[in-house]
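User: I want to check the labels on this model. Please set each value against its cut-off.

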Amino acid sequence: GWRLQAGGKITRIVKQYPDPCRGTRLWGKEFSDIFYSLFHNVQSNSSYNKLDTEPDLFFFEIPGHSGMFIFDGNGNAHTIPYQDISIEWHYNGYFIVRDGQGNIYHFGLDDSSRETTTTVYKNPDHNNQLETITYVSTWHMNSVESYTGHNVNFSYSDGIREDRESVIHTYRYSSLGEYIEDQRFRSIETKTTSSCDIKVLKNIT
């Protein structure tokens, strides 16, 4: 059968907790704050058991290019490996991507082009109480402004809601200087249930 692939998208893989796109944080705390606290021996504070030390992974697809990028602590996007691609995040929730030829791509300008994922999981740090996290997982391409001055626009409609289950293994550091059963890390298994509001391409103009 035939399969039409048009436009593009930016998708996100969340690492433990969704990061704000303006920069990587550790569960709502700046890196400098965390390191300062660790070196002042408050690492056993219960709030630090929820550290999110990994940046979320983002993947982009545009005509002729695809790849991965992450955000640094200052909100700057870095492609891995490096590509001649400029990626900008805007605070009202959308991306602008520029390629090496000067073409400009807009992603997720409104809710109609964003896919939202809701994840429910048992939090091992809170006696396995159910917690819910909702975040944007996909930004679909809204428009292309070519370097020659031509424009292409894409619109989307709601698709079928997608549900899935997964298992996450988290390794936690026991405590600075503490030694437990010959290992400083303990593994925690968390089962999650996620649902995603899928968007499908409707029109190209």
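User: Why is Ser66 called partly exposed?

Analyst: Ser66 has 47% relative accessibility. Buried means under 20% relative accessible area, exposed over 50%, and partly exposed in between (1.4 Å probe, protein chains only). The 47% falls in between, so Ser66 counts as partly exposed.

User: What are the ground rules for these values?

Analyst: This is a predicted model with residues numbered from 1 along each chain as its sequence is written. Local features need pLDDT of at least 70, side-chain atom pairs count only at pLDDT 80 or more, totals for chains, interfaces and linings use all residues, and side-chain values use heavy atoms, with hydrogens and water left out.

User: Which residues is Ser66 in contact with, leaving aside neighbours within four places in sequence?

Analyst: Phe60, Glu61 and Gln83. Contact means heavy atoms within 4.5 Å. Ser66 itself lies in strand S3 (residues 65-71). Strands (E, at least two residues) and helices (H or I, at least four) are DSSP runs, numbered from the N terminus. Ser66 and Gly8 are 58 residues apart in sequence, yet their C-alpha atoms are 9.2 Å apart in space.

User: Why does Thr138 count as buried?

Analyst: Its relative accessibility is 8%. That is under the 20% limit, so Thr138 counts as buried. Thr138 is found in strand S9. Beyond four places in sequence, Thr138 touches Lys9, Ile10, Thr11, Ser113, Arg114 and Glu115.

User: How do you know that S7 pairs with S6 and S9?

Analyst: Two strands pair if DSSP finds at least two bridges between them. Four bridges join S6 (residues 94-98) to S7, and the two run antiparallel. S7 and S9 (residues 129-145) also have four bridges, in the antiparallel sense. Both counts meet the cut-off, so S7 pairs with S6 and with S9. Phe95 has Phe107 as its bridge partner in S7. Ile104 stands opposite Glu145 in S9.

User: What makes both faces of S7 covered?

Analyst: Ile104 and His106 are buried on one side of S7 (residues 104-107), and Tyr105 and Phe107 are buried on the other. In a regular strand the side chains alternate between the two faces of the sheet.
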